[in-house]
Amino acid sequence: MAWFKRKDKGIQTPTEEKKDTPKGLWYKTPSGKVIDTEELKKNLYVSPEDGYHVRIGSKEYFELFFDNNEFKELDAKLTAKDPLKFEDTKKYPERLKDAQKKTGLKDAVRTAVGKSMGKDIVIASMDFAFIGGSMGSVVGEKIARAIDYSIKNELPFLMVSKSGGARMMEASLSLMQLVKTSAKLAQLADAKIPYISLCTDPTTGGTTASFAMLGDINIAEPNALIAFAGPRVVKDTTGKELPEGFQRSEFVLEHGFLDGIYERKKLKQQVNLYIDLIQNQPIRA
């Protein structure tokens, strides 16, 4: 006989008292590993089961790099316009408003200054959640202004790239940002101020063709997609089968385009180590 027997037929709980299963309690990695989201957060959004680095945004990178998550955001209110009056499935201003409402961000990059391991640093970090981290006029302008701040105050500059490439809704105006940011980085180099470039998943298109690969030191997170055109486009264009792991950070490192790959928990110490070595300063513990 069953140990449990329902006395009353049917569901007796009133609708207003029903409870939904909370969402987001578990995260499943591409390899099939399942991990509690709270544990994932404590582990800097890296799966302890297989080392998979979950995509994170500027909020999490600022928490990672800035001491006690204390910083001053630069040009926080800068927003995009629509000079080309672009429209596809929806008007560009509408797409911007939707992205801003969904993400709580003004555009696809945030810039800030604060202390990291006790010394001031300027950081620009991209957000893939905002229209695929696409690089438009605001992204280029905020990065340029952050570099200007670094030059004026003689502070090291860290760029955290995470982008699908140029923003098609701004056409040639978006492509101009490649030139502008590259020119500003040349000025940073002339001022002999360290520039560390961190490529995260994904770093593609115009971002890779400009500031992401111009660092004094270029590093990446494990298994990050780093490319100009995506693997599918390259395969369709060349008509050839691509090597396993093609365009992943390990493959890119092996072929000489990166200086190192570091797990997320080691990034803060490693970036500051590079800065100390470049500036010929005592190494911070």
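Me: What pLDDT does the chain average?
Reply: The average is 91, and 92% of the residues score at least 70. pLDDT is the predictor's confidence in each residue, from 0 to 100.

Me: Where does pLDDT stay under 50?
Reply: Over residues 18–22. For that stretch the model has one contact beyond four places in sequence, where contact means heavy atoms within 4.5 Å. Where pLDDT is low, the predicted coordinates should not be read in detail.

Me: OK, overall layout. How many helices and strands are in the chain?
Reply: The chain has eight helices and nine strands. These are DSSP runs numbered from the N terminus: helices are H or I with at least four residues, strands are E with at least two. Along the principal axes, the C-alpha atoms fill a box of roughly 85 × 50 × 45 Å.

Me: What percentage of the residues is buried?
Reply: 42% of the 285 residues. Buried means under 20% relative accessible area, exposed means over 50%, and partly exposed is in between (1.4 Å probe, protein chains only).

Me: Which residues have the most contacts inside the largest nonpolar core?
Reply: I143, F157, M159 and F211, in a core of 30 residues. A nonpolar core is a set of buried Ala, Val, Leu, Ile, Met, Phe, Trp, Tyr and Cys residues joined through side-chain atoms within 4.5 Å.

Me: Which elements give two or more residues to this core?
Reply: They are α3 (92–103), β4 (109–116), β5 (119–126), α4 (137–153), β6 (157–163) and α5 (171–190). The largest share, five residues, comes from α4. There is also a second, separate core of 20 residues, which includes F66, L158, L198 and Y262.

Me: Where is I143 found?
Reply: In helix α4. I143 counts as buried, at 1% relative accessibility. Leaving aside neighbours within four places in sequence, I143 is in contact with V109, A124, F157, M159, T181 and F211.

Me: And F211, what does F211 touch?
Reply: Not counting residues up to four places away in sequence, F211 touches M126, M135, I143, M159, S161, T181, L185, Y195 and S197.

Me: What about F66, is it buried or exposed?
Reply: F66 is buried, with a relative accessible area of 1%. F66 sits in the loop between α2 and β3. Among the residues F66 touches, beyond four places in sequence, are F71, A112, I121 and K268. F66 and K240 are 174 residues apart in sequence and 44 Å apart in space, C-alpha to C-alpha.

Me: Why is helix α2 largely enclosed by the rest of the structure?
Reply: Because six of the eight residues of α2 (residues 58–65) are buried. Those are S58, E60, Y61, F62, L64 and F65. They pack against β3 (71–74), β4, β5, β6, β7 and α8 (267–278).

Me: What is the phi of D75?
Reply: The phi of D75 is near 50°, a positive value in a residue other than glycine. D75 is in the loop between β3 and α3 and is partly exposed, with a relative accessible area of 28%. I131 also has a positive phi, about 45°, and is not a glycine. I131 lies in the loop between β5 and α4 and counts as partly exposed at 22% relative accessibility.

Notes
Residues numbered from 1 in each chain as written. Predicted model: local features only at pLDDT ≥ 70, side-chain atom pairs only at ≥ 80, totals over all residues. Heavy atoms only, no water.
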